Amino acid sequence: MVIDRETGQTPPTAAERMDMHDRKAGVEPIRPASRQVPPEPAAPTVTAAAPPQRNPPRPPNDRMATAVAELNRKRPWQESPRSTAQPTPARHPPRPRPQAGGRKTIVTGKWWDSKGPRTIELGPKGQTELTGGFMALVFGLVIAAIIAFFVEPLLLFIGAFVLFRFGGNFLAPIGARIIDKALAETG
C-alpha cells in the first residue's frame with residue numbers, strides 16, 4: 001500500500017487521476033443510461049378451460065414400430081447369396097513384365113540431344129552410363145550455381161537466363177555425347 005508522506009493519505013489511483021484530468025479538460029465521462037427494470041407482469045388469472053391445441057395428439061402408431069422391427073430383422077449383408085462366397089480381390093490390368101534382358105527404351109529431346117529426337121534402347125550397362133553422365137552434369141550445374149550465388153548472386157541470374165535462352169545450343173552436344181557413350185556400352 002502506498003501512502004503519501006506529505007499528506008499521510010493514500011494517493012489516487014491511475015483511473016481516478018485520469019478522471020480528474022478529463023474533468024479539468026472539460027470532458028465528462030460517458031456512462032450508459034441506467035436500465036429501467038420493467039414492472040413485474042401481473043400474475044395470470046387461472047381460467048377453467050385451456051386454450052385448444054392446434055394439432056391434437058395422434059394415437060400411437062404401430063406402423064412405424066413394425067417397419068423398424070422389419071428393417072432390423074432384414075440384414076442384407078447376412079442374407080445375400082454372395083455372402084457365403086469368398087470375396088474376390090480387386091484386379092488391376094496386368095502390367096507388361098520387364099524383359100529378361102532388362103532393356104529400356106528412351107526417346108530423346110532436341111534441346112538436350114543434338115542428334116535427337118531419336119528412340120534408343122539401352123541395356124543395364126547403358127542405363128547406368130546414361131544415368132551417371134546426366135547426374136554428373138546436373139551436380140556440376142548445381143555446384144556452379146552455388147558458387148555463383150556466393151561469389152555474385154547477379155551471376156546466378158545471368159547464368160539462369162543464358163541457360164534458358166541458349167541452353168539447347170551447348171547442352172545438346174553434351175547430351176548427345178553422353179547418349180552416344182551409353183549406346184556404346186554393350187549389355
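Predicted model: local features only at pLDDT ≥ 70, side-chain atom pairs only at ≥ 80, totals over all residues.
## Around Ala 182

Numbering runs from 1 along each chain as its sequence is written, and side-chain values use heavy atoms, with hydrogens and water left out.

## The nonpolar core

Ala 182 also belongs to the largest nonpolar core, eight residues in all, together with Ile 106, Ile 120, Leu 122, Leu 130, Phe 134, Ile 178 and Ile 179. A core like this is a set of buried Ala, Val, Leu, Ile, Met, Phe, Trp, Tyr and Cys residues joined through side-chain atoms within 4.5 Å. Buried means under 20% relative accessible area, exposed over 50%, and partly exposed in between (1.4 Å probe, protein chains only).

## Salt bridges

How many salt bridges does a search of the whole structure find? It finds three, each being a side-chain nitrogen of Lys or Arg within 4 Å of a carboxyl oxygen of Asp or Glu.

Asp 180 meets Lys 115 at 2.6 Å, N to O, and Arg 118 at 3.2 Å, N to O, so Lys 115, Arg 118 and Asp 180 are linked in a network. Arg 118 counts as buried, at 18% relative accessibility, while Asp 180 is partly exposed at 26%. Elsewhere, Asp 19 pairs with Arg 23 (3.4 Å, N to O).
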